[in-house]
Amino acid sequence: MIVENIDRIYRSIAEICSRCGRNPEEIELVAISKTWGTDKIVEALKGGILHFGENYVQELESKRKLLVQHPIKWHFIGHLQTNKAKYIAKYIHLVHSVDNARIAEELQKRAMNAGREIDLLIEVHTTNEPSKSGVDPKEVVNLVKKIASLSHLRVRGLMTMGPFSEDPEDSRPSFRQLAGLKEMILREGIEQVTMQHLSMGMSHDYPIAIEEGATILRIGSAIFGERSKQNFEPITR
Ligand SMILES: *Cc1c(COP(=O)(O)O)cnc(C)c1O
């Protein structure tokens, strides 16, 4: 099932790209494996996916340890607490969810300790929904400038989530706004900042995200099925 789902999504990405004149190779599919067990991740690996995303540090850590023999690139997409940054600093491929200077400073410290640079995206709040995380669009440039001055962090782009809605079209204004912010930051010409990525689009609205310029899609349920419960119990420290 998982392999078929992945095939279907890759075909759909290719179709949408040819329709809107984009190169599918500039789009990375990140499988959001939160709540699912490592057996499902191994299945997705067989489907050709190497990028996986998780939203809890402890769950990510447990899975990473069980899957060290696989060449997985791990993405962190959840709310990152400062006291958890140290666990992921050594290996994380991309942190999608940096939305304040404090967490950036903690990541900088941990990246220095780990002797590596950490790539990150700034999460932007593009809906009016109060529950969503992300920096206010008006504050994005300031935050990017602050993080650009930190030696071991590299801002690689922006991330957002569309509104809670059944209708994928409702996500378009959010995605368009994110693309506009990326262009604005590019025009600022901030040194040390490569605004390459737009991480936007989930299972229900990724076609719209591709049309609006997404370079990273975060897809969970369309690959693994509906999340009804926690299928994976992380080892507690
Ligand atoms: C869970 C999650 C996703 C994936 O959602 P699906 O609807 O299952 O594709 C993407 N992004 C974030 C930030 C998430 O928390």
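Me: Before we start, what should I know about the numbering and the pLDDT limits?

Reply: Residues are numbered from 1 along each chain as its sequence is written. Local features in this predicted model need pLDDT of at least 70, side-chain atom pairs count only at pLDDT 80 or more, totals for chains, interfaces and linings use all residues, and side-chain values use heavy atoms, with hydrogens and water left out.

Me: What counts as a salt bridge, and how many salt bridges are there by this rule?

Reply: A side-chain nitrogen of Lys or Arg must lie within 4 Å of a carboxyl oxygen of Asp or Glu. That rule gives 17 salt bridges here.

Me: How far apart in helix 3 are R64 and E61?

Reply: Helices are DSSP runs of H or I with at least four residues, numbered from the N terminus. R64 and E61 sit three residues apart in helix 3 (residues 57–66), about one helical turn, and their side chains form a salt bridge at 3.2 Å, N to O.

Me: Is E61 buried or exposed?

Reply: Buried means under 20% relative accessible area, exposed over 50%, and partly exposed in between (1.4 Å probe, protein chains only). E61 is buried at 5%, while R64 is partly exposed at 21%.

Me: Which parts does the pair R172 and E211 tie together?

Reply: These two side chains meet in a salt bridge at 2.8 Å, N to O. R172 lies in helix 7 (residues 172–188) and E211 in helix 8 (residues 206–211), so the pair links parts 39 residues apart in sequence. Through shared partners, salt bridges join R19, E169, R172, R176, E211 and E212 into one network.

Methods. Helix = DSSP H or I, 4+ residues; strand = E, 2+ residues; numbered from the N terminus.
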